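Here's a walk through one model, helix by helix and then out to the ligand. Have the structure open while you read.

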Amino acid sequence: MTSPPWAMLAELTHACPLHCPYCSNPLELVGRSRELSTEDWTRVMAEAAALGVVHAHLSGGEPLLRADLAAIVTAAEGAGIYTQLVTSGVGLHRSRMDELAGAGLRSVQLSVQDATAGASDLLAGARSFAAKERAALAIRESGLPFGLNVVLHRHNLDSIDEIIALGVAWGAERVELANTQFYGWALRNRGALLPTRDQLRRAEDRVGVWRARLAGQVELIWVVPDYFEGVPKPCMGGWGAVSLTVAPDGAVLPCPGAYALPGLAFPNVRDRALRWIWENSEAFNAYRGTAWMSGPCAGCPRRDVDFGGCRCQAYAITGRPERTDPACSLSPDHHLIRELTDETGPGGEVTVGSDHGDAGIGGKERAAPFA
Ligand code: SF4
Ligand code: FES
């Protein structure tokens, strides 16, 4: 019997005013005309709650671009699901914050790209730092739990002190220092984003210093850079184990990166009940549990701890999703990662996510002015 999920990533839209070079959105974005309606999301929340989901991340793209966001929050709250807004902060004015808090929103995760307006706007590909600062104030005034998320890479790791200080100044209770995971646009831009080992070592040391300094005040989360650790991440808590992702068009996936995997058809909430998708669909059962494993994972004592790592990463690097995640030092493909991390080159040109502020299709790429 399949155990139920408890978490859902609700990707409300792929549209976004920013163009971050590490965006984990798929290269093929869902256009706004294909997004689920308010009624669809209301039904999804009810079905998810009945299935066992208790926590939903309302994400994107930029979920604030959904005019019906408060109605979706209300639907989740009515179904008994705790909602966290995951936002760039662009458009999170005081009145919108009040509306969302009134609808039952439980917490907010705000992203920022770097510690200064110039560096942050450069990475975001749009003037947005001032809006983020305003959003931080609005979140703080709402009294909701406030987390700040910063994706780390070669271009901002050396500013780790200033980034943490910014989180403190903005009043975040939790600062998530998330080393880049290489999917979607981040994978395309990997050469320019990969840090050096020295950068990572220095940054991690500084996080240790700040942890001691901020103990009891601000929680610092260091998301491990799995390319550099030799230890794979237990991606999504296991395939089809605890979490599901609903894409803007209603496709349901075991993880947000699964679009790219070959040979899997992802069922849609427009056609199928969420419970059927979770329990019976081929996609959710493809890498569930341990029976699919071969190679070092099949006999490894850690297979119930890390679930063989990440299927999307295995596919991205080896072309075969059923391989052991090459981030694992036991993987026969680990040298493919070592070749990238031992000699992190001088960077490269960055091409960035499509202009997904509107229809979001097509991939209007830009070369970022840093490399
Ligand atoms: Fe995990 Fe597989 Fe590596 Fe063992 S061999 S540590 S199960 S990824
Ligand atoms: Fe898809 Fe890890 S991101 S399994």
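## Helix H1

Start with H1, a helix of 14 residues at positions 38-51 that reaches 20 Å from its first C-alpha to its last, close to the 20 Å expected at 1.5 Å a residue. That expected span is 1.5 Å times one less than the number of residues. Helices here are DSSP runs of H or I with at least four residues, strands are runs of E with at least two, and both are numbered from the N terminus. This is a predicted model, with local features needing pLDDT of at least 70 and side-chain atom pairs counting only at pLDDT 80 or more, while totals for chains, interfaces and linings use all residues. Residues are numbered from 1 along each chain as its sequence is written, and chains are lettered from A and ligands numbered from 1 in the order in which they are written.

Which residues of H1 are buried? They are Trp 41, Val 44, Met 45 and Ala 48. These residues sit on the same side of H1 because they cover an arc of only 100 degrees around the axis, taken from the directions from the helix axis to the C-beta atoms. Buried means 20 or more other C-beta atoms within 10 Å of a residue's own, exposed means 12 or fewer, and partly exposed is in between, with C-beta atoms placed from the backbone. Packing against the buried residues of H1 are strand S1 (7-11), helix H2 (69-79), strand S8 (243-246) and helix H11 (274-280); contact means C-beta atoms, placed from the backbone, within 7 Å. Just after H1, Gly 52 has a positive phi of about 130 degrees.

Now step back to the loop between S1 and H1, where you'll find Cys 16, Pro 21 and Cys 23. Cys 16 is buried because 26 other C-beta atoms lie within 10 Å. Pro 21 counts as buried with 27 C-beta neighbours inside 10 Å, and Cys 23 does too, with 25. The C-alpha atoms of Pro 21 and Thr 2 are 37 Å apart, at a separation of 19 residues along the chain.

An unreviewed UniProt entry annotates Cys 16, Cys 20 and Cys 23 as "binding site". UniProt positions follow the numbering used here, feature names are shortened, and annotations may be inferred rather than shown by experiment. Over residues 2-217, the chain is 44% helix and 16% strand.

Just after H5, Gly 143 takes a positive phi of about 85 degrees.

Thr 87 is in strand S3 (residues 82-87), and is buried, with 25 other C-beta atoms within 10 Å. Leaving out residues up to four places away in sequence, Thr 87 touches Glu 62, Pro 63, Leu 64, Leu 92, Val 108 and Leu 110.

## Around ligand 1

Finally, 13 residues surround ligand 1, the closest being Pro 296, Cys 297, Cys 300, Arg 302 and Cys 328. The cut-off is a C-beta atom, placed from the backbone, within 6 Å. Helices H13 (295-298) and H14 (303-306) each supply at least two residues of this shell.

The shell divides into 6 nonpolar, 3 polar and 4 charged residues. Nonpolar covers Ala, Val, Leu, Ile, Met, Phe, Trp, Tyr, Cys and Pro, charged covers Asp, Glu, Lys and Arg, and the others, Gly among them, are polar.

Key: Contact = placed C-beta atoms within 7 Å.
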